[in-house]
Amino acid sequence: MSASSPPRVRFAPSPTGSLHVGGARTALYNLLFARREKGTFILRIEDTDVERSREELSAQILSAMEWLGLDYDEGPFYQSHRTELYRAAAERLLAQGSAYRAFETPEELDVERKKAEAAGRAYRYSGAGRDIPPDESERRARAGERHVVRLKMPSETIVVTDRVRGQVEFPPDALDDFVLVRSDGHPLYHFTVCVDDVEMGITHVIRGDDHLANTPKHVALFRALGAPVPEFAHLGMILGTDRKKLSKRHGAAAVEEWRDVGILPEALFNFLALLGWSPGDDREIMTREEMEKEFSLDRIGASPSVFDPEKLLWMNAQSIARMPAEELLARSAPFATAGLPPAPVALAAIELHRTRARTTIEMGRALSSYAADPDEYDPDGMKKQVKPDTAAQL
RNA sequence: GGCCCAUUCGUCUAACGGUUAGGACGCGGCCCUCUCAAGGCCGAAAUACGAGUUCGAUUCUCGUAUGGGCUACCA
């Protein structure tokens with residue numbers, strides 16, 4: 001690959017849940033790559049699924065990204081505001097014969113699918129819509145007949161070039177003519193992704209491994225759209241300690257949950273960066289500047305990785321141990337639910353506890369314990385720590 | 001079922017054909033220490049299995065096993 005113009009990358013979450021640590025890491029790698037290559041990091045909200053997308057979740061994702069320091073250069077762009085773009089693209093593909101209308105109902109397709117399943121065959125759409133002459137297709141559409149728009153998949157092996165997995169080949173019979181636009185006019189995910197990636201000039205697609213098998217569809221779409229195919233980098237999944245894909249039921253799969261238990265954003269950032277990427281030497285604790293300077297797609301590992309809360313806690317403790325006292329105080333103060341002592345006392349307490357507290361919650365709690373004289377002292381502690389003559393003074 | 005991906009200590013990872021397979025978390029021990037931490041030193045702990053290529057495989061190829069993903073008018 002020759003040196004070219006600065007890369008443009010994007011993070012494209014769909015607002016169907018809060019920001020997951022897996023998503024956060026994807027965003028983080030995009031960000032690091034953009035910074036390293038002096039490129040542009042774009043945020044795009046994929047909210048085309050009207051049934052599942054919720055506005056407050058978009059806001060939640062935005063705030064989680066801000067907290068983690070995942071700052072983007074352009075956006076957020078909402079796909080729900082870009083429907084005209086997709087409609088026009090569908091028209092174009094239809095006009096140039098790269099896509100066609102199909103008039104089967106979901107029920108009919110379901111029957112076909114069941115039949116194939118019963119026969120032990122892999123289901124593929126028949127491609128019947130391909131044979132409808134353009135003028136007839138046009139007429140039926142104008143008459144209001146319900147239809148979807150499907151892409152004509154080329155009957156050739158599609159080679160996906162992936163920066164972390166190398167060349168991956170997909171034989172032609174593995175893909176069928178998938179749906180671009182639903183019968184209610186809503187454009188579908190694979191379609192909007194590609195239209196937007198083209199329109200936004202995306203040069204590198206860095207995303208979760210779960211999209212690798214979808215990539216040949218995207219490659220076919222980019223070609224049909226007459227656009228250059230971006231480079232891909234597919235990241236291994238993040239797993240729970242049981243080696244299953246990390247999810248809500250593992251607890252603390254969302255970025256906010258870590259924020260709420262007193263994890264510092266820089267610690268989570270550092271931890272996530274090293275979950276699947278390594279600078280190549282033995283460094284573990286890295287500053288954001290170092291990461292932005294040294295990040296490289298070529299040093300991303302291909303295998304899935306287990307999210308280990310213990311190590312995150314250790315990294316957090318490292319951050320706490322190194323942070324300037326004033327800053328640490330400010331970050332812990334929100335967790336000092338039982339009040340804060342006067343500043344000089346608080347600062348002294350910070351120094352006393354910075355090697356003991358692993359989270360800002362623990363620090364906040366420690367700080368609060370200096371806010372007022374306790375009502376009673378632990379008898380064992382008294383006996384051990386307080387000499388008889390001082391005890392008399394109390 | 002079909003297609004695709006992955007596999008180094010329990011976990012995160014380094015080693016881009018030749019290393020006593022390195023580091024980190026966690027774990028154990030010792031030191032430091034009025035306690036608890038932190039810190040320092042030491043230790044146990046890995047190339048999934050089987051073939052092949054090669055003078056030589058963690059590294060390249062194939063197979064098996066195990067995990068995972070995709071296979072929607074979800075994203």
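Reader: Before we dig in, what counts as a helix or a strand here?
Author: Helices are DSSP runs of H or I with at least four residues, strands are runs of E with at least two, and both are numbered from the N terminus.

Reader: OK. Where does Lys38 sit, then?
Author: Lys38 is in the loop that links helix 1 to strand 2 (40-45). The model is predicted, with local features needing pLDDT of at least 70, side-chain atom pairs counting only at pLDDT 80 or more, and totals for chains, interfaces and linings using all residues. Residues are numbered from 1 along each chain as its sequence is written, while chains are lettered from A and ligands numbered from 1 in the order in which they are written.

Reader: What's up with the phi of Lys38?
Author: Phi of Lys38 is positive, about 55 degrees, even though Lys38 is not a glycine.

Reader: Is Lys38 buried or exposed?
Author: Lys38 counts as exposed because it has 8 C-beta neighbours inside 10 Å. For the cut-offs, 20 or more other C-beta atoms within 10 Å make a residue buried, 12 or fewer exposed, and anything in between partly exposed, with C-beta atoms placed from the backbone.

Reader: Switching topic: what kind of peptide bond joins Gly75 and Pro76?
Author: That bond is cis, with omega about 0 degrees. Pro76 belongs to strand 3 (residues 74-78).

Reader: And Glu74, where is that one?
Author: Glu74 is in strand 3 too. With 13 other C-beta atoms within 10 Å, Glu74 comes out as partly exposed.

Reader: What does Glu74 touch, skipping residues up to four places away in sequence?
Author: Glu74 touches Thr40 and Ile42; contact here means C-beta atoms, placed from the backbone, within 7 Å.

Reader: Now the inside. How many residues are in the largest nonpolar core?
Author: The largest nonpolar core has 75 residues, and Leu28, Leu268 and Leu272 have the most contacts inside it. Helix 1 (residues 21-36) gives the most to this core, namely 9 residues. Such a core is a set of buried Ala, Val, Leu, Ile, Met, Phe, Trp, Tyr and Cys residues joined through C-beta atoms within 7 Å.

Reader: Which residues does Leu28 contact, leaving aside neighbours within four places?
Author: Leu28 is in contact with Leu70, Phe269, Leu272 and Ala273.

Reader: What about helix 3 and helix 6, at what angle do they pack?
Author: Helix 3 (residues 83-95) packs against helix 6 (residues 189-199) at about 100 degrees, with the axes 10 Å apart. Leu85, Tyr86 and Ala89 of helix 3 make the contact with Phe191, Thr192, Val195 and Glu199 of helix 6.

Key: Contact = placed C-beta atoms within 7 Å. Axes fitted to C-alpha atoms, helices over the stretch in contact; angles between N-to-C directions.
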